[in-house]
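Here is a short tour for someone meeting this structure for the first time. Have a look at the sequence and the 3D view, then read on.

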Amino acid sequence: MLRKFAALPLTLLVALSAQALEIHHGDWQQGAVIRGGVTPGSELKLGDRTVRIADDGQFVIGLDRDAESPARLTLIPPAGEPEHFEFPVKARDYNIQRIEGVPQSTVTPDPEQVKRARAEAALAWKARQHDLARTDFAQSFQWPLVGIITGVYGSQRFYNGEPRSPHYGVDIAAPQGTPVASPAPGVVTLVHEDMFFSGGTLIVDHGHGLSSTFIHLHRILVEEGEEVGQGDIIAEVGATGRATGPHLDWRMNWFDRRVDPTTLVGPMPEPEDVARN
């Protein structure tokens with residue numbers, strides 16, 4: 001059976017006789033993180049990709065920047081026939097950003113720099129392929145710091161007038177040395193002090209393929225394999241790698257799909273709100 005859905009609220013319960021597909025959080029739009037649950041023992045697929053299901057039925061999936069509509073889910077209950085679902089994915093309008101003053105050596109790197117950058121990208125790619133059984137993804141996320149948002153997910157960037165790949169994170173301007181907190185619990189899967197493009201780079205895995213990446217860091221205060229809790233101070237803001245000033249670039253992945261971390265948090269808090277708390 002195929003079930004199609006129009007615009008949906010954040011919480012959805014679709015009854016399937018004795019089975020259910022429940023969406024706990026997420027707006028079906030490009031870049032979104034969708035969290036939900038199914039009957040324990042079920043199988044779930046997003047397109048042709050099998051989605052990991054926790055023992056209690058929780059799951060998470062990610063939609064990339066240019067995800068096509070509709071998103072197709074297939075639920076295979078422990079006993080019974082597969083159910084097919086189609087969810088319309090809202091297209092987003094992305095900003096164009098022009099950034100001047102970036103050192104030309106990082107805009108047009110030489111062959112040795114390209115070789116180095118590719119090797120470092122492979123390290124990050126490997127770290128993001130972990131499929132840990134942790135379910136830290138299921139809890140509420142918080143901003144890793146309070147600051148001014150200067151760059152947004154999905155925007156097309158031009159460095160010194162030359163077009164580059166879209167930006168896949170949210171940039172938060174803050175003074176060098178500002179503490180960076182883990183937005184949710186997880187385990188550290190990558191620490192690199194000086195990558196060519198991203199400088200100080202840290203990846204925290206929240207389970208089931210959902211991970212946070214923090215780049216341009218001045219200092220990293222945790223080690224690979226270390227478990228961290230929500231709010232733990234894990235690094236300091238810097239201006240390392242390809243950066244024109246101190247800021248945090250917070251990115252998220254669902255395996256190889258680049259998702260928008262702001263879909264998991266509310267509006268950026270005002271500094272006075274943080275002080276009161």
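Is His208 buried or exposed? His208 is buried, with a relative accessible area of 2% (buried means under 20%, exposed over 50% and partly exposed in between, using a 1.4 Å probe and protein chains only).

## Before going further

This is a predicted model, so to speak a computed one: local features need pLDDT of at least 70 and side-chain atom pairs count only at pLDDT 80 or more, while totals for chains, interfaces and linings use all residues. Residues are numbered from 1 along each chain as its sequence is written, and side-chain values use heavy atoms, with hydrogens and water left out.

Helices (H or I, at least four residues) and strands (E, at least two) are DSSP runs numbered from the N terminus. The phi of His208 is near 60 degrees, a positive value in a residue other than glycine. His216 has a positive phi too, near 70 degrees, but His216 is found in strand S18. It is buried, with a relative accessible area of 5%.

There's also a cis peptide bond, running from Ser69 to Pro70, with omega near 0 degrees. Pro70 belongs to the loop between strand S7 (58-62) and strand S8 (71-76).

## The largest pocket

How big is the largest pocket, in volume? About 1,100 Å³. On a 1 Å grid over the protein atoms alone, a pocket is an open set of points with protein on both sides within 12 Å along at least five of seven lines, whereas a cavity is a set where a 1.4 Å probe fits but cannot get out; lining residues have an atom within 4 Å of a point. Points are joined across faces, edges and corners, and a volume is the space filled by probe spheres set on them.

The lining of the largest pocket takes in 44 residues, with Phe197, Ser198, Ile215, Arg242 and Arg251 nearest its centre. Elements that each supply at least two lining residues include helix H1 (104-107), strand S14 (169-173) and strand S21 (247-254). H2 gives the most, with seven residues. By class, the lining has 20 nonpolar, 13 polar and 11 charged residues (Ala, Val, Leu, Ile, Met, Phe, Trp, Tyr, Cys and Pro count as nonpolar, Asp, Glu, Lys and Arg as charged, and the others, Gly among them, as polar).

## The second largest pocket

The second largest pocket has a volume of about 220 Å³. Ser69 and Pro70, the two ends of that cis bond, are among its lining residues, along with others including Leu46, Asp64 and Arg257. This lining divides into six nonpolar, two polar and four charged residues.

## A three-stranded sheet

Strands of a sheet pair through backbone hydrogen bonds, either parallel or antiparallel. Here, an open sheet of three strands runs in the order S10-S12-S13, with mixed pairing (two strands pair if DSSP finds at least two bridges between them). Strand S10 (96-99) and S13 are the edge strands, each pairing on one side only. S12 and S13 pair in the antiparallel sense over three bridges, and Phe158 has Pro163 in S13 as its bridge partner.

## A buried serine

Ser182 lies in the loop between strand S15 (179-181) and strand S16 (186-195). It is buried, with a relative accessible area of 0%. Leaving aside neighbours within four places in sequence, Ser182 is in contact (heavy atoms within 4.5 Å) with residues including Gln142, Val204 and Asp232.
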